[in-house]
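Good morning, and thank you for joining. Please look at the display before we proceed.

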Amino acid sequence: MSKYLKNLVISDLSKRLEGVNDLLVVDVVGMNADKTFLVRKQLREKGLSLLVVRRTLAAKACEGTSLAPAFESMEGSTAIVWGDGDFVDLAKEIIKLNDDDKFPGFTAKGGVMDGESLTPDTVKAISKWPNRAEQLSLLVGQILGPGRTLGAQIKGPGAKLASQVKQVGENQEG
């Protein structure tokens, strides 16, 4: 590949990754074209992008950005995966594909999150975290919990008193 062509690829890749803060690096070696197509289709349905690129060109395209640590200790072939959504959802999808027997050549190699390099084990650990929607539901539950408890405590004695008054009234009638 000529230097001019390499510079064009680096320029195109840096434009594609503009605004991306987190990405994962995977390996797709050993997968045939049909399997690769299925992986790309599955990722595209989730709003994720997969791009097979030379590691050295990706490293040059990411120089000076928060994505650079992803390629510091990488070796061999690489494909990068990124998306607009939640990074935890991205990690969950990659680990799901990694563990799927239908895609034996697909392996997670690492990545970068908030400028910090990730190992495959770290990616697997992140995939077990709650995603954004789950975190929001936990937060709402924690916010509403004390109010619900207070309401029950206020209503409880009044309900007991009303029940006793009703019982006394029924006893006097009968």
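A residue is called buried here if its relative accessible area is under 20%. Please keep in mind that this is a predicted model.

Let us begin with strand β4, which covers residues 107-113. Of its 7 residues, 6 are buried, so β4 is largely enclosed by the rest of the structure.

Which strands pair with β4? One is strand β1, residues 23-27, which runs antiparallel to β4 and is joined to it by 5 bridges. Within this pairing, Leu24 has Gly111 in β4 as its bridge partner. Another is strand β5, residues 116-118, also antiparallel to β4, with 3 bridges between them. Here Met113 is bridged to Glu116 in β5. Strands β4 and β5 form a hairpin with 2 residues between the strands, and in that hairpin Asp114 adopts a positive phi near 55 degrees.

I turn now to the helices. Two packed helices are described by the angle between their axes and the distance between the axes. For helix α2, residues 33-45, and helix α4, residues 87-99, the angle is about 155 degrees and the axes lie 11 Å apart. That angle makes α2 roughly antiparallel to α4, since angles over 145 degrees count as such. The crossing of α2 past α4 is right-handed.

Which residues meet there? From α2 come Val39, Gln42 and Leu43, and from α4 come Glu93, Ile94, Lys96 and Leu97.

Thank you for your attention.

Key:
Residues are numbered from 1 along each chain as its sequence is written. This is a predicted model: local features need pLDDT of at least 70, side-chain atom pairs count only at pLDDT 80 or more; totals for chains, interfaces and linings use all residues. Side-chain values use heavy atoms; hydrogens and water are left out. Axes are lines fitted to C-alpha atoms, for helices over the stretch in contact, and angles run from 0 to 180 degrees between N-to-C directions. Helices (H or I, at least four residues) and strands (E, at least two) are DSSP runs, numbered from the N terminus. Angles under 35 degrees count as roughly parallel, over 145 as roughly antiparallel, 65 to 115 as roughly perpendicular and the rest as oblique. A crossing is left-handed if the near helix is turned anticlockwise from the far one by less than a right angle, and right-handed if clockwise. Contact means heavy atoms within 4.5 Å. Buried means under 20% relative accessible area, exposed over 50%, partly exposed in between (1.4 Å probe, protein chains only). Two strands pair if DSSP finds at least two bridges between them.
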